[in-house]
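Reader: Please take a close look at one part of this model. I would like the strand pairing at one end of a sheet, and then what surrounds the topic.

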Amino acid sequence: MADASFALPVIHNPAAGGGRWPVARLGAQLEAQGLAAAPLIHAKDPDLGPRLAAAAAGRRPEAVPVLVAGGDGTVARLLRALPDRRMPVAILATGSANNIARSFGLHLPDPDDQSGDRVDLATRVLAGIASPWHAGRVRMDTTAPRLFFESVGFGAIAAAMDGGGKDLHGLPKILAGRAALAEALAAGRPQRCRLTLGDRVVALRSLLVEIPCLPWTGPRLLIAPGLSPGGRQVCAVTLPARHLAAARAWLADPEMPVHALSPLTAPHIVLDGLSGPVRIDDARLTEDAAGRPFAFDRDPDPFRILTDPDI
């Protein structure tokens, strides 16, 4: 259990979700729930890491929870800056997709509910269960591994990042993202690629290849329901052209069961043979994937995400 006798470090992105959680609203929620917060740290503060290290100085990392209020990009930014992965992280999901919070089964705030009663921050921070999360790792050629916190995408999903919705928030942003992906799938052509999963080699043609480390990714899409954040498996999700119509129907109504995607799991996956753009989380790389092998696994040193005690 976390120590309530010190000022809680709070990382905040006031622009997340269209700015529905400004400083005043977040501060009021913390005060109403009896959480003594240190001065809020902006998520894009260039000294984020050193400020977190200073907040934890002289204390056991396990007893220094950090609250992050923002969307998936904000959570990823915090985790990259975290000085010690033993520090528990509590998430107040205020973005549009909130794929990380969904993957941990966290209670999400209603963006239009100014009372915020649906999320008991005090219980999450002070009595939440520290659940391990092994982030994904991708290695390109001989470069050092790079962490990812949602997924790495090739083909239609990477191409869809150029679609509309960049200035939208909430459900309109999610719907625009799904529509852009449906258009990219319809316009795309399947590519040959090869997946090496341990000692098994699979050659296939696919409209996309997505390598997630969480069940949820992209515009709020549940693409890998059986994938555990705390597990050590990575997953390769593919889409044969014959399942295009089913995939487009699913994008129009993602609540329906998805049978179009074909997930393959293994502790280590190598992907090669693709060309075109590559996306790591929300960042589209300038490099072309042509001729490059990509190796995936899960980082053995877990982060610790505080989940609600009743989950």
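Author: Ile 280 stands opposite Ala 283 in strand 18. Strand 17 (residues 278–280) pairs with strand 18 in the antiparallel sense, over three bridges. Pairing here requires at least two DSSP bridges between two strands. Strands are DSSP runs of E, at least two residues long, and helices are runs of H or I, at least four; both are numbered from the N terminus.

This is a predicted model: local features need pLDDT of at least 70, side-chain atom pairs count only at pLDDT 80 or more, and totals for chains, interfaces and linings use all residues. Residues are numbered from 1 along each chain as its sequence is written, and side-chain values use heavy atoms, with hydrogens and water left out.

Both strands belong to an open sheet of six, with the order 15-14-11-8-17-18 and antiparallel pairing. Its edges are strand 15 (262–266) and strand 18 (283–285), each pairing on one side only. Neighbouring strands are turned by 20° against each other on average, direction ignored. The angles are taken between N-to-C directions, from 0 to 180 degrees, with axes as lines fitted to C-alpha atoms, for helices over the stretch in contact.

Now helix 8 (residues 244–252). Its buried residues (under 20% relative accessible area; exposed is over 50%, partly exposed in between; 1.4 Å probe, protein chains only) are Ala 247, Trp 250 and Leu 251. They cover an arc of only 100° around the axis, so they lie on the same side of helix 8. That arc is taken from the directions from the helix axis to the C-beta atoms. On the other side, Ala 245 and Ala 252 are exposed.
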